[in-house]
Amino acid sequence: MTPAADLVLGVDSGGSGIRVALAPAQGGGPPLTWSCPSPAAVGAAGVDARGLLEHVLPSARELLARAGADHCAAACVGAAGIAALGTELHAVLPGALRAALGVRRLALASDAVTAYAGALGQRPGAVVAAGTGMIALGTDLTRDGGWRRADGWGHLLGDCGGGAWIGRAGLEAAMRAFDGRPGGSDTLLARVSTVFGPPRELPGLLYPRTDRPAVLASFAPEVARCAPADPVAARILREAARHIAGAAAAVCPPHRPDSGRMARLPEPTEEQGEADATCEVALTGGLFRMGAPLLAPLHEELQLQLPHARLVATEGTPLDGALRVAGALLTDTLRLPPDPVMLRIIC
């Protein structure tokens with residue numbers, strides 16, 4: 001049995017569902033976990049905090065009971081949309097988690113930050129997190145440098161190259177073929193008919209859905225399956241790879257103070273050596289489980305756009321990242337830069 005004073009809670013709330021984990025702050029054995037496939041709802045007030053708590057609190061109590069404890073010392077909640085739609089989360093979660101679970105130290109973070117912490121831990125670099133959406137995040141770990149973000153603006157304004165973007169592009173190509181317009185794909189049209197039914201009924205199936213991004217993203221694997229034999233599907237994935245690499249390039253380089261923009265990595269000097277000019281880049285998220293149809297063009301695009309970047313293996317998931325942040329918060333070893341939008345330390 002682990003003393004409750006050493007237990008930390010991690011929450012990962014994203015487009016593909018909600019995941020909760022409980023673990024000792026110093027690690028030591030696999031965490032206790034719980035998950036559900038339903039994402040937190042988003043309404044007029046932003047992310048529905050009380051709806052999220054309806055999942056998190058019972059599952060956290062269940063995990064605490066399994067650990068033989070009645071409270072946890074620290075928590076980190078990583079949530080999609082918290083940067084732009086997190087007003088209610090910031091207002092409701094601290095008091096609720098303190099009252100229900102005894103949480104003394106709390107961090108509320110963008111799910112991109114917990115994805116970063118899961119992938120790279122607390123070292124400088126850049127992480128691309130891609131699932132339903134797509135966001136790139138980089139930091140040099142300095143307070144002045146802070147976080148550098150690219151995309152993650154949602155399926156209407158961005159998330160270019162993410163699952164919803166790929167799925168929507170595939171559906172558009174299918175509907176072009178259905179109409180007889182140029183640029184269509186009969187292969188993708190056949191997949192639409194199999195997955196969704198008659199193509200002319202697709203708007204009625206798609207537009208009223210509150211989980212529209214997830215529905216769009218559900219077609220992305222079909223695009224990947226078709227890509228080896230279908231040039232239209234392959235072109236969609238090539239364009240997705242170009243967007244993803246471009247987002248990584250935007251957050252890897254050092255800050256250019258005179259313009260507020262990001263400068264490209266300079267060519268390494270002989271004195272520096274190549275290692276000093278290298279930015280570590282990690283890829284995390286379910287989108288990359290598509291495999292070669294996406295990863296092959298993505299690796300090519302990364303070499304073109306970030307020739308001095310070094311692609312490194314992802315250490316863990318965003319849920320692992322939430323546990324890492326909570327554990328570092330409890331032990332006063334947090335090196336990731338606090339930020340009022342991306343990583344807010346509540347207490």
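## Disulfide and cysteines

A disulfide is a pair of cysteine sulfur atoms within 2.5 Å. By this rule the count in this structure, which is a predicted model, comes to one disulfide. The pair consists of C252 and C279, whose sulfur atoms are 2.3 Å apart. The two cysteines are 27 residues apart and link distant parts of the chain: C252 lies in the loop between α10 (231–251) and β11 (279–284), while C279 belongs to strand β11. The torsion about the S-S bond of C252 and C279 is about -80°, and the disulfide is therefore left-handed. Both C252 and C279 are buried.

C36, by contrast, takes part in no disulfide; the nearest cysteine sulfur, that of C76, is 18 Å away. C36 has a relative accessibility of 13% and so counts as buried. C226 is also buried, because its relative accessibility is 8%.

Strand β6 comprises residues 74–79, and six of its six residues are buried. The cover extends to both faces of β6: A74, C76 and G78 are buried on one side, and A75, V77 and A79 are buried on the other.

Two pairings of β6 can be described. With strand β1 (residues 7–14), β6 pairs in the parallel sense over six bridges. Within this pairing, D12 has G78 of β6 as its bridge partner. With strand β7 (residues 105–110), β6 also runs parallel, and six bridges join the two. Here A74 stands opposite R105 in β7.

## A326 in helix α12

A326 is part of helix α12, which spans residues 318–330. Its relative accessibility is 0%, so A326 counts as buried. What does A326 touch, leaving aside its neighbours within four places in sequence? The contacts of A326 are V8, L9, A74, A75 and C76. Of these, A74, A75 and C76 are themselves buried residues of β6.

The position of A326 may also be given relative to L52. These two residues are 274 residues apart in sequence, and their C-alpha atoms are 19 Å apart in space.

## Salt bridges

A salt bridge requires a side-chain nitrogen of Lys or Arg within 4 Å of a carboxyl oxygen of Asp or Glu. By this rule the structure has 16 salt bridges. One of them joins D12 and R19, with the closest N and O atoms 2.8 Å apart.

E172 and R168 form another salt bridge, and their closest N and O atoms are 2.7 Å apart. Because E172 and R168 are four residues apart in helix α5, about one helical turn separates them. E172 is partly exposed at 33% relative accessibility, and R168 is partly exposed with a relative accessible area of 36%. D179 and R181 form a salt bridge as well, the closest N and O atoms being 3.1 Å apart. D179 is partly exposed, with a relative accessible area of 48%, and R181 counts as partly exposed at 37%.

## A nonpolar surface patch

Which residues form a nonpolar patch on the surface? The patch is made of W153, L156 and L157, which together have about 430 Å² of accessible area. L157 is located in the loop between β10 (147–151) and α5 (163–179). With a relative accessibility of 73%, L157 passes the cut-off of over 50% and therefore counts as exposed.

Conventions. Residues are numbered from 1 along each chain as its sequence is written. This is a predicted model: local features need pLDDT of at least 70, side-chain atom pairs count only at pLDDT 80 or more; totals for chains, interfaces and linings use all residues. Side-chain values use heavy atoms; hydrogens and water are left out. Buried means under 20% relative accessible area, exposed over 50%, partly exposed in between (1.4 Å probe, protein chains only). Contact means heavy atoms within 4.5 Å. Two strands pair if DSSP finds at least two bridges between them. Patches are made of residues with over 30% relative accessible area and no salt bridge: like charges are joined within 9 Å, nonpolar side chains (Val, Leu, Ile, Met, Phe, Trp, Tyr) within 5 Å. Accessible areas come from the Shrake-Rupley method with a 1.4 Å probe; for residues, only the protein chains shown count as cover.
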